[in-house]
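Here's a quick walk through one protein model, with an eye on its charged side chains. Have a look at the sequence and the fold before reading on.

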Amino acid sequence: MSEELLVRHCSPTLAGLKTANLFNDKFESVDTLKAKIEYMNNMLNSKGVYVCILKVCGDRALIYVFRPNKLKKDLSSDEAKCLLAQKGYRGSNIKEYVEHLAERIGKCSEFPHEIGLFLGYPLEDVKGFIENKGKNCKCSGCWKVYSNEWEAKKMFAKFKKCTDVYCRKLHEGLSILSLTIAA
């Protein structure tokens, strides 16, 4: 996992605009991957950003980059808690919720769509996706939109601009640490 890969896939989270991002990474050995994640956490945790593995499959890993404080806020509404409870989440803290998400990703025959809540997607869009089985959305970009199309399109544009700027700044020599906004 390189800094370039992290910036390309997670700039909105690094910038504090988004709760979390998710990406797949190819690795040579699990030990090397874990060492890279430990290195990233040692660097980014002080800025309020955490990196963890949600799933390993062959030589690929599903990497979750998130801001625990934003995630805690996102999951604190009664509606979010209710949706998660329906999916078997019983945790009392963010670590337990993320661990349960990883378990569901590993065990479920289909991808657990409540993951949208863990990525900072609007609750109405997550519920809309689940209820409509991914069909009948108003538009799609970073996620499928079922509620406020205009607001979502603004966010998609903001996330794209952020990613473009962060990729350019990384190539100009700025470090991932300097690009990461403190919580």
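What follows goes from the overall fold to the salt bridges and then to one arginine.

## Ground rules

This is a predicted model, so local features need pLDDT of at least 70 and side-chain atom pairs count only at pLDDT 80 or more, while totals for chains, interfaces and linings use all residues. Numbering runs from 1 along each chain as its sequence is written, and side-chain values use heavy atoms, with hydrogens and water left out.

## The overall fold

The protein chain has nine helices and five strands. These are DSSP runs numbered from the N terminus, with helices being H or I of at least four residues and strands being E of at least two. Going along the sequence, the order is α-β-α-β-β-α-α-α-α-α-β-β-α-α.

How does the radius of gyration compare with that of a compact globule? For 183 residues the globule value would be near 16 Å, and the protein chain has 16 Å, which agrees. (That radius is taken over C-alpha atoms, and the globule rule is 2.2 Å times the number of residues to the power 0.38.) The C-alpha trace spans about 45 × 35 × 30 Å along its principal axes.

## Inside and outside

Of the 183 residues, 43% are buried. Buried here means under 20% relative accessible area, exposed means over 50%, and partly exposed is in between, using a 1.4 Å probe and protein chains only. The accessible surface comes to about 10000 Å², and carbon and sulfur atoms hold 52% of that; the areas come from the Shrake-Rupley method with a 1.4 Å probe, and for residues only the protein chains shown count as cover.

Now for contacts, meaning heavy atoms within 4.5 Å. Among those with a separation of 6 or more, 55% are between residues 24 or more positions apart.

## Salt bridges

Side chains of opposite charge can pair when their charged atoms come close. The rule used is a side-chain nitrogen of Lys or Arg within 4 Å of a carboxyl oxygen of Asp or Glu, and it gives ten salt bridges. One of them joins Lys-26 and Asp-59, at 3.5 Å from N to O. Lys-26 sits in strand β1 (residues 20-26) and Asp-59 in the loop between β2 (50-57) and β3 (60-66), so this pair links parts of the chain 33 residues apart. Lys-26 is exposed at 53% relative accessible area, whereas Asp-59 is partly exposed at 35%.

Another pair is Glu-79 and Lys-127, at 2.6 Å from N to O.

Asp-164 is partly exposed at 40%, and Lys-160 is exposed at 54%.

## One arginine to look at

Is Arg-104 buried or exposed? Arg-104, in helix α5 (residues 94-107), is buried because its relative accessible area is 18%. Setting aside neighbours within four places in sequence, Arg-104 is in contact with Lys-87, Tyr-89, Pro-112 and Glu-114.
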